[in-house]
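Reader: I have just opened this entry and would like someone to walk me through it. Could we start with how the helices meet?

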Amino acid sequence: MSQQSAANPRMVALKGLLAVVKQGQSLSRALAFANLPERRDRAFVQHLVFGCLRWYDRLVAIRALLISKPLKAKDEDINLLVLMALYQILYMDTAEHAAVSETVNLSQKLKKPWARGLLNGVLREFLRERAALLAKLPNSLEIQTAHPSWLIKQLQHAYPQQIEQLLNQNNQPAPLCLRVNERVQSRETLLAKLDEAGVEAQAHPLSPVGIQLAQPLDITQLPSFEEGGFSVQDIAAQQAALILQPQAGMRILDACAAPGGKTAHLLEACDNQVGLLALEKEPDRLARLQQNLQRLQLDAQTQVADAGELASWWDGELFDQILLDAPCSATGIIRRHPDIKRHRRPDDIASLAQTQAWLLDQLWQTLKPGGQLLYATCSVLPQENSEQVAAFLARTPDALHQALAVDWGIGEIGRQILPGEQEMDGFYYALIQKRPTKP
């Protein structure tokens with residue numbers, strides 16, 4: 001992408017959307033290049049790209065009412081320009097004339113002058129006929145909430161009473177939460193620093209080290225970031241270390257550790273006084289984990305390895321505790337990653353469930369009698385969560401389910417947090433103890 005294109009926020013947004021929709025990239029990777037110098041421009045790009053992906057199916061349905069003949073595959077950029085303009089008109093405070101004119105001008109930068117008349121005509125028609133066009137949209141959950149039909153069916157089956165609330169929460173921007181590093185400062189100290197810096201924040205009741213910010217912002221500019229005084233972590237994710245409560249001297253395995261938020265929290269919770277092994281399959285993700293530990297001044301043994309391939313990493317010494325934050329559909333964090341609705345397929349769930357079962361069976365061999373394994377996902381689908389754990393308990397005689405004494409979640413086998421519950425992401429936790437050896 002040229003320097004001139006990079007300086008245009010809407011062009012940056014278009015390139016990001018193309019990377020997700022056409023090339024299948026993750027949203028986080030697609031926006032990695034959005035290094036615009038102005039903070040306001042970066043915020044605009046993020047709002048626009050996230051919003052277009054969040055409401056993609058609804059915007060596509062509106063576009064279909066405006067353009068009867070589909071464009072060619074090579075003109076997906078023009079298709080996405082229509083979506084971008086519609087989103088600005090419907091959901092942002094962009095002036096209507098600016099949304100239209102700036103979108104039309106981008107067709108020139110794309111060297112597709114033929115699209116200028118199309119874009120101008122289509123968008124002006126929408127402005128004239130907005131109410132009538134919106135009234136023509138199907139009154140279905142798929143269109144009204146912009147979710148794929150297969151996911152809606154699974155969620156309706158699992159949560160018939162909460163389905164509309166769940167879908168609506170998926171379309172809400174997620175709050176920015178911090179986890180205080182108590183080895184550096186107390187929560188009260190950081191809250192005072194934030195208040196002095198003019199940042200509105202409050203303590204979260206479900207984590208003694210949790211803080212929720214009123215508005216998203218650049219966390220690298222907050223006081224004590226460079227000193228390792230805090231990390232960004234949703235309150236739901238903070239529950240892992242709060243459940244395990246690691247003690248000094250323990251040997252702990254974090255089986256699928258990157259990017260390292262839970263790894264660091266486990267170490268912080270016992271003042272860095274445990275032997276912790278963090279595994280991660282992807283070398284670049286492990287490098288990010290190591291950078292986080294370095295900033296927080298924490299020590300762990302790290303290794304590139306597939307946790308289920310025991311022969312490649314395990315030395316035969318048993319662990320006191322294991323955190324298995326298993327690969328999953330990530331259907332509990334759609335509000336943070338709306339591209340999940342584009343990338344995930346129904347066949348993925350069965351494949352992921354097989355991987356989860358395999359990891360449980362393999363890692364169970366490395367746990368001490370009397371030890372604990374915490375199974376976690378950021379999914380809301382029972383196949384990956386309560387049903388997965390129930391099946392494991394049924395086939396594993398020495399596995400004992402431990403009820404969680406917590407003030408969040410639903411369910412009898414483990415606890416399921418649904419998106420938006422006390423502002424948290426969707427998460428699942430189940431604590432399993434290996435039956436102690438009889439004396």
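Reader: Which residues of H4 and H6 meet?
Author: In this predicted model, Phe44, His47, Leu48, Gly51 and Cys52 of H4 meet Leu83, Met84, Tyr87, Gln88 and Tyr91 of H6, where contact means heavy atoms within 4.5 Å. Helices here are DSSP runs of H or I with at least four residues, strands are runs of E with at least two, and both are numbered from the N terminus.

Reader: And what classes of residue make up that contact?
Author: The contact of H4 with H6 has seven nonpolar, three polar and no charged residues. Ala, Val, Leu, Ile, Met, Phe, Trp, Tyr, Cys and Pro count as nonpolar, Asp, Glu, Lys and Arg as charged, and the others, Gly among them, as polar.

Reader: At what angle do H4 and H6 pack?
Author: Helix H4 (residues 39-54) and H6 pack at an angle of about 100°, and their axes are 10 Å apart; the axes are lines fitted to C-alpha atoms, for helices over the stretch in contact, with angles from 0 to 180 degrees between N-to-C directions. H4 and H6 are therefore roughly perpendicular to each other, a label used for 65 to 115 degrees, while under 35 counts as roughly parallel, over 145 as roughly antiparallel and the rest as oblique.

Reader: Before we go on, what are the ground rules for the numbers?
Author: Residues are numbered from 1 along each chain as its sequence is written, and side-chain values use heavy atoms, with hydrogens and water left out. Since the model is predicted, local features need pLDDT of at least 70 and side-chain atom pairs count only at pLDDT 80 or more, whereas totals for chains, interfaces and linings use all residues.

Reader: Okay, salt bridges next: how many does the structure hold?
Author: The structure holds 17 salt bridges, each being a side-chain nitrogen of Lys or Arg within 4 Å of a carboxyl oxygen of Asp or Glu. One of them joins the side chains of Lys112 and Asp77, at 2.9 Å from N to O. Lys112 lies in the loop between helix H7 (96-109) and helix H8 (115-136), and Asp77 lies in helix H6 (residues 76-91), 35 residues apart.

Reader: Are Lys112 and Asp77 buried or exposed?
Author: Both Lys112 and Asp77 are buried, that is, under 20% relative accessible area, with exposed meaning over 50% and partly exposed in between (1.4 Å probe, protein chains only). Lys112 and Asp77 also belong to a salt-bridge network with Lys74 and Asp75.

Reader: What about Asp234, which residue does it form a salt bridge with?
Author: Asp234 forms a salt bridge with Arg336, and their closest N and O atoms are 2.8 Å apart. Asp234 sits in the loop between E4 and helix H13 (235-244), and Arg336 in the loop between strand E8 (319-325) and helix H16 (340-343), 102 residues apart. Asp234 is buried, with a relative accessible area of 8%, whereas Arg336, at 22%, counts as partly exposed.

Reader: You mentioned E4, so in what order do the strands of its sheet come?
Author: Four strands form an open sheet in the order E2-E3-E1-E4, with antiparallel pairing; two strands pair if DSSP finds at least two bridges between them. The edge strands, E2 (201-203) and E4 (230-232), each pair on one side only, and the twist averages 30° from one strand to the next.

Reader: How many bridges join E1 to E4?
Author: Three bridges join strand E1 (residues 177-180) to E4, and Leu178 stands opposite Val232 in E4.
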